[in-house]
Amino acid sequence: PRPLKNHKKMKKFLAAAGLASGLVVSAEAFAPQSVGSLRLNSVKAVSQPAAVPTLRVRGGMAAAAAPFKISMTAAATTKSAFPDSAESTKRLTPATASEMLDQVDVFIFDCDGVIWKGDSIIAGVPEILEKLRKAGKKIFFVTNNSTKSRAGYKSKFDSLGLDVQAEEIFSSSFAAAAYLEQIKFKETGKKVYILGERGIQEELDIIGVPWIGGEADATKTIELKSGYALPHDSDVGAVIVGFDRFINYYKIQYAQLCINENPGCKFIATNLDAVTHLTDAQEWAGNGAMTGAIKGCTGQEPVVVGKPSPLMIDYLADKFNMQKNRICMVGDRLDTDIIFGNANGAISCLVFSGVTTEDKYMSADNKIKANYYVNSIADFFD
């Protein structure tokens, strides 16, 4: 696969834009590093936030003098120029699908519930992706699932017969590693405790950040007896919570000890998704459950590094020298995918092949609307 390009251009853009306090993404976030036959990125920290409340995403790329940043405030002090909900919503028909395609140069696809469910590809997806590429559309895949690294996702795309390049894939495990690079975590000499799976481990290995936990703690138990206290590593400076099919009481207790007892220990969540698709038969509890367990015993809010962070949409808009209203975010989740598109000035398209049903979307209780909605991306073309 080819390395990512245009990071020099990105650097010039950021230099012209200036830097602001908070989580500011540098151009080196997209400079390639060799990972076997793949290429992956590193991030250079340019500013360390004073606090780590929940990541709130607001705003898109502003005028040339504005900073390229991700807001770190729990309640955003600067509102986005774009609302979380589209002003109007249309079902994709042959006529409206043609209208949408004429407005879009770049498609950003979620993966689970959009491209596949579990290990099964959604019918019609390969043909649609091929048609979009032949039509000259750029395609990227952004997933909140942290169980795989970008290399791991490349293998999954290959196994499903999809011709996708590594630099077209962005996962929340990569985003977690990028955040650590952003705040110069490696320079602290601390290590990370992982409540999660292999994807986070592999991404931290790439950037050279030491870690403990993860898969090694999958079968650990605690024998509760009089006078027993679970020992924990005082050198842990961050806990990353990602989706974990093997979560157990040992992991929860170890994570809370690090956060509650190690001064300055950061609490990072790859995402807050309520449910996910482990199989194509039903929905399964997502990383919101794992993160909620740690929130419950620490009383702290995590830094959330996955969608709806604007990092990637800002980068794509600069890389292709285009307006964000020429980008379409396609996803199955209202609270991540659709807000990700709407709040950053992009076109949004909701699919009913994943978490959100048409009944839920059309209900009076739902306040988040996409520009377009459709059963599956297979309906993009008549």
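User: Where is Pro308 found?

Analyst: Pro308 is found in the loop between strand S17 (303-304) and helix H9 (311-319). Helices (H or I, at least four residues) and strands (E, at least two) are DSSP runs, numbered from the N terminus. A cis peptide bond joins Lys307 and Pro308, with omega at about 15°. Most peptide bonds are trans.

User: What kind of model is this, and what are the ground rules?

Analyst: This is a predicted model, in which local features need pLDDT of at least 70 and side-chain atom pairs count only at pLDDT 80 or more, while totals for chains, interfaces and linings use all residues. Residues are numbered from 1 along each chain as its sequence is written, and side-chain values use heavy atoms, with hydrogens and water left out.

User: What is the mean pLDDT of the protein chain, and where is the pLDDT below 50?

Analyst: pLDDT is the predictor's confidence in each residue, from 0 to 100. The protein chain has a mean of 81, and 77% of its residues reach 70 or more. Over residues 1-79 the pLDDT is below 50, although this stretch has 196 contacts in the model beyond near neighbours in sequence. Contact means heavy atoms within 4.5 Å. Where pLDDT is low, the predicted coordinates should not be read in detail.

User: Why is Lys156 called buried?

Analyst: Buried means under 20% relative accessible area, exposed over 50%, and partly exposed in between (1.4 Å probe, protein chains only). Lys156 has 9% relative accessibility, so Lys156 counts as buried. Its place is in helix H4 (residues 150-159). Not counting residues up to four places away in sequence, Lys156 touches Trp116, Gly118, Asp119 and Lys148. Of these, Asp119 is 37 residues from Lys156 in sequence and 8.4 Å away in space, C-alpha to C-alpha.

User: What makes Thr276 buried?

Analyst: Thr276 has a relative accessible area of 9%, so it is under the limit and counts as buried. Thr276 lies in strand S15 (residues 275-276). Leaving aside neighbours within four places in sequence, its contacts include Asp112, Phe243, Trp284 and Arg333.

User: Which residues lie nearest the centre of the second largest cavity, and what makes a space a cavity?

Analyst: On a 1 Å grid over the protein atoms alone, a cavity is a set of points where a 1.4 Å probe fits but cannot get out; lining residues have an atom within 4 Å of a point. The structure holds 3 cavities of 30 Å³ or more. Of its 16 lining residues, Asp112, Asn145, Asp273, Thr276 and Arg333 lie nearest the centre.

User: How many residues of that lining are charged?

Analyst: The lining has 7 charged, 7 polar and 2 nonpolar residues. Asp, Glu, Lys and Arg count as charged; Ala, Val, Leu, Ile, Met, Phe, Trp, Tyr, Cys and Pro as nonpolar; and the others, Gly among them, as polar.

Definitions and conventions
1 Å grid on protein atoms, 1.4 Å probe; cavity = no way out; pocket = protein on both sides within 12 Å on 5 of 7 lines; lining within 4 Å. Points joined across faces, edges and corners; volume = space filled by probe spheres on them.
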